[in-house]
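Please open the model in your viewer and keep the selection panel at hand. The tour moves from one selection to the next, and says at each stop what is there.

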Amino acid sequence: MARLMNSDNFWDIASMTKPQQIPLDLGHRNAMGREDFMIADSNREAVAWIDRWPDWPAPALILYGPPASGKTHLGDVWQTKSRQRLIDDIENWIGNPEREEELFHLYNIAREDRKSLLITALSPPNDWPFVLPDLASRLKAAPAVGIAPPDDSLIAAMLVKLFHDRQLSLEEDVLNYILPRIERSYHAARDLVTRADSRSLAGRKGITIPLISDILKESANAEE
């Protein structure tokens, strides 16, 4: 059901529109030394920009999105391919005069030497609290592409793969129980799988609807 693109580097799950259509026996494949990256509508444009390199219209590309959305993974894939500079978590740079000076210097070197920078962030550059106006003007003019929160098909595929990676069986009825109840975020999917794994090991039980129900209730209560 899943089909590969770009020389087996990424999984494309565009055809996975219903939970029961997702195969529960996905194998594990490496993508440039990293785990598989699943392509869906929420991240397709970002992947296209990574594939487009070195045909970028500026020395830098900004890749932004929520935590655990795959920014660092895509950055690692790009860096392996390009041997260029990756700057992860730009929030640790912006607002600090010395670090902004360093980044401004790196940008200028990249432009002069016809090199590239890939910068990952949680938000687009228009939202960043710049100190240096010259750096702000350059990065705000650079192409920026976002990764959106995952849709149902991507959440489902992520859950299947995350459970599989931990050598845990996820039955279709359990998956169908999870999907209408879980928060639509990458973090929520990873957190659920981590907690389910720990709970199943402690109780020496499989992944069942009652186990998942308890975890989801605990998560909901913790947020109140």
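Begin by selecting helix α2, residues 71-82, which lies across β4, β5 and β6 and runs at about 170° to β5; helices (H or I, at least four residues) and strands (E, at least two) are DSSP runs numbered from the N terminus, and axes are lines fitted to C-alpha atoms, for helices over the stretch in contact, with angles from 0 to 180 degrees between N-to-C directions. The model is a predicted one, in which local features need pLDDT of at least 70 and side-chain atom pairs count only at pLDDT 80 or more, while totals for chains, interfaces and linings use all residues. Residues are numbered from 1 along each chain as its sequence is written, and side-chain values use heavy atoms, with hydrogens and water left out.

Next, select the strands themselves, which form an open sheet of four in the order β5-β6-β4-β7 with parallel pairing, where two strands pair if DSSP finds at least two bridges between them. The edges are β5 (85-87) and β7 (144-146), each pairing on one side only, and neighbouring strands are turned against each other by 20° on average, direction ignored. Within the sheet, β4 (residues 60-64) and β6 (residues 117-121) pair in the parallel sense over five bridges, and L63 stands opposite T120 in β6.

Now select α3 (residues 97-113) together with α4 (residues 133-141): how do these two helices cross? Their axes come within 10 Å and cross at roughly 50°, and α3 and α4 are therefore oblique to each other, a class that takes the angles left over once those under 35 degrees count as roughly parallel, over 145 as roughly antiparallel and 65 to 115 as roughly perpendicular. The contact is made by E100, L103, F104, Y107, N108 and R111 of α3 and by D134, L135, R138 and L139 of α4.

Finish at α5 (residues 152-165) and α7 (residues 186-203), whose axes come within 10 Å and cross at roughly 30°, so that α5 and α7 are roughly parallel to each other. Among the residues that make this contact are L154, I155 and M158 of α5 and Y186, A189 and R190 of α7.

Methods
Contact means heavy atoms within 4.5 Å.
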